[in-house]
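Open the model in your viewer and keep the selection panel at hand. This tour goes stop by stop, saying what to select and what is there.

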Amino acid sequence: MNGLPLVLENVSKSFGSTRAVDDLSLALRTGSVCGLLGPNGSGKTTTIRMIMSILLPDSGEVRLWGAPAAGAVRKHVGYLPEERGLYATMTVFEHLVFLAELHDLSRREAKNAVEEWSERFTTNGESSPKSWWGRRVQELSKGQQQTVQLIGTLLHRPELVILDEPFSGLDPVHTSHLRTVIRHLKESGVAVLLSTHRMEQAERLCDDICLIHHGRAVLSGALREVKSAAASRFVELRMDRAPDFLKPDDLIAEVEMVSDGARIRLQQGADTQMVLARAIRRARVLKFEIVEPSLDDLFIEAVSR
Amino acid sequence: MNGRPVLTIARREYIARVRTKSFVVMTVLIPLIMGASVAIPMFLVKADSPRQRVLAVADETGLVFDSLRSLREERLADGRPRYVVERVPATPRAVSDARGLVELEAYDAFVFVPAGAVDGLPVTYYTNGVPNSREIDHIGAAFNRALIAVRLAREGLDPERITALTRSVPFDVVALKKGATPKTAQAAFAAVMAMVILMYISLTMYGAFTTQSVVNDKTSRVVEILVSTVSPTELMYGKIFGTGFAGLTQLGIWVAVTLGVSIGMPESAIAKTFHAVADVSIPALIVFFVSGFFLYASLYAGVGAICTTNEEAGQLQLPVSLLLMVAFFLAMSGVNDPGSTLIAVLSYVPFFAPILMMLRFGVGEASWFDAGVSLVGIMLTTAIIATAVGRIFRLGILMTGKRASLTEVLRRLRKA
């Protein structure tokens, strides 16, 4: 298949008078991880549902490998919905085979794929998913159900994988395992769209980000560039007195108390030295550092704008 | 639409349905209940009959006692006489003794025939405990015959000759219609009624299962995965076929059991009904049954598509159930006069057609051509409904909380 795995062009969707997604554009490269970030209710899930043709956009276009998203090309996508759902009374094995068959695998291929992926999903210190094959879905723990659903997403070797809030409800062991899986996918040339509001996970995984708020893209591009563009707007400051004289004004956008001082976000275009100058006038400065913003910082900045 | 995902979904649906406890229980229980409802009365009758009855008769006329030949000639299975008829003198003393002996259960019954009985005075029958009405009718008829014979003899007529002259003849009914093979109409009626009732019960039951299965996909949230890979129409067809074939499997098992019983007991009512059904043309019945099944299953799936909870679906099923009920009662009343214009016209209306055309065809009122026309109507309607339901479903998937109003459903149908 040629063309970018996923392209969104000026996509909009309204529900009644609410604009859920507003003129959103996005492109995803082969072998990269793109984070679709945003607070709850920002339109992430609606966007993903439009990619999967569960919802149809009011205007704009969604293309998968250059083809309209509503066609058979959907079967090459692996989709993990935010609302996890499995048939409670089916056994794990039957369920996985069913999910594989839905994606046009023959029964034999489906069984082989289930076997293979279950091996891969054996985490340290835990029983292999193979050992729960015979159990009914309702007898599994929530984490195990998540694993089953994730395996079901990957059985048909999709070249585009869409994960909607995949970390929700996972313990640290499963979270770290999921990160490994995502990195493996990326290394094998799969394009991954990762929707999450867990910024620390996005920061560790994403090559590109698209931050949306109220259905609009407020910040997007390669993660590194986005960060460097915002560099020199965050400083950490330690003084011999409380930084209570530092209040948001035309220079300072936000002050956050941290363990040994304050973390300050500057207004757009402001000079860091001005902050230092102001601090020196009122106190002895013990530490002054220009820091690289975290994705969390960028997120909060973008959302509060 | 593509056949393969339909098959995948239908197979999952089928296996899930057939494995439920209720399916297994119903499959075993219904033939047991039906078998018991036939076997228990038969057993009770058998257990009841072999006892010999002692009947005391006080005959003031002196003419009746000797004419009770029919009662004396009856034999039990083991060859003993069924009734031991004892004469009691027609004196007040003997009569009151006889009544006492009934109370003591020495006699099963005591019959007093007064002198005026020939001219219409009532005969009195004394029995202990609850009277058995069938036996009273039987004995009463024997006394009446004896009394009538006495009257006839008094007029100088020969009772034997009168009986011979007034004998009634059996009335055989044969329906003839447009080159169809003549059928014993009564047997066909019974067979068709059996099919109509069976159809009504299974449509109601499996219709509800179809709704449930659609709603469950939404409540379990599996639906999001399903519609991200298959089209809603494929999903609907898969659900309808899967649930439908589970229903047909159950019916198949029941029919097989019935067939077994009717082979084992060729004289039973079950066997006779079965032969009558076979006589009506099994393929035609199966075709109407199956097409009716899928038509109503698609309607019930539609109910599931606009609901978000099973409780809500239970309420919204009512209109569909009513439609089915109307068809059922039309068939029930139509069975007396399947040739009526009303039934004929309605048998082409798709929602009534499966039941009414089955009825008309079954009793020889409709030709193969009529059946074909109405069948095409049913299949077209089913296809239209399944597609429409698929569209409603697509847009109703993510709807939670509130139920779609009719206008909203129509709006969605236009938009989708």
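Select strand 1 (residues 53-59) and strand 2 of chain B: they pair in the parallel sense over six bridges. Helices (H or I, at least four residues) and strands (E, at least two) are DSSP runs, numbered from the N terminus. Two strands pair if DSSP finds at least two bridges between them. For one such bridge, pick Val54(B); its partner in strand 2 of chain B is Val84(B).

This is a predicted model, where local features need pLDDT of at least 70, side-chain atom pairs count only at pLDDT 80 or more, and totals for chains, interfaces and linings use all residues. Residues are numbered from 1 along each chain as its sequence is written, while chains are lettered from A and ligands numbered from 1 in the order in which they are written.

Now widen the selection to the open sheet in chain B. Its four strands run in the order 2-1-3-4, with mixed pairing. Why is one side of strand 2 (83-88) and of strand 4 (124-127) of chain B left without a neighbour in the sheet? Both stand at the edges, so each has a single partner strand. Neighbouring strands of this sheet are turned by 20° against each other on average, direction ignored.

Contact means C-beta atoms, placed from the backbone, within 7 Å. Axes are lines fitted to C-alpha atoms, for helices over the stretch in contact, and angles run from 0 to 180 degrees between N-to-C directions.

Next, Arg221(B). Find it in the loop between helix 7 (185-219) and helix 8 (223-229) of chain B. Its phi is positive, about 70°, although Arg221(B) is not a glycine.

Switch to chain A. Domain 1 (6-227) and domain 2 (231-304) divide it; the bounds come from an automatic or database domain assignment. Their C-alpha centres lie 37 Å apart. Eleven residues of domain 1 of chain A are in contact with ten of domain 2 of chain A. On the domain 1 side, helix 6 of chain A gives the most, with three residues.

Last stop: Trp65(A), in the loop between strand 4 (59-64) and strand 5 (67-68) of chain A. Phi of Trp65(A) is near 50°, a positive value in a residue other than glycine.

Key:
Contact = placed C-beta atoms within 7 Å.
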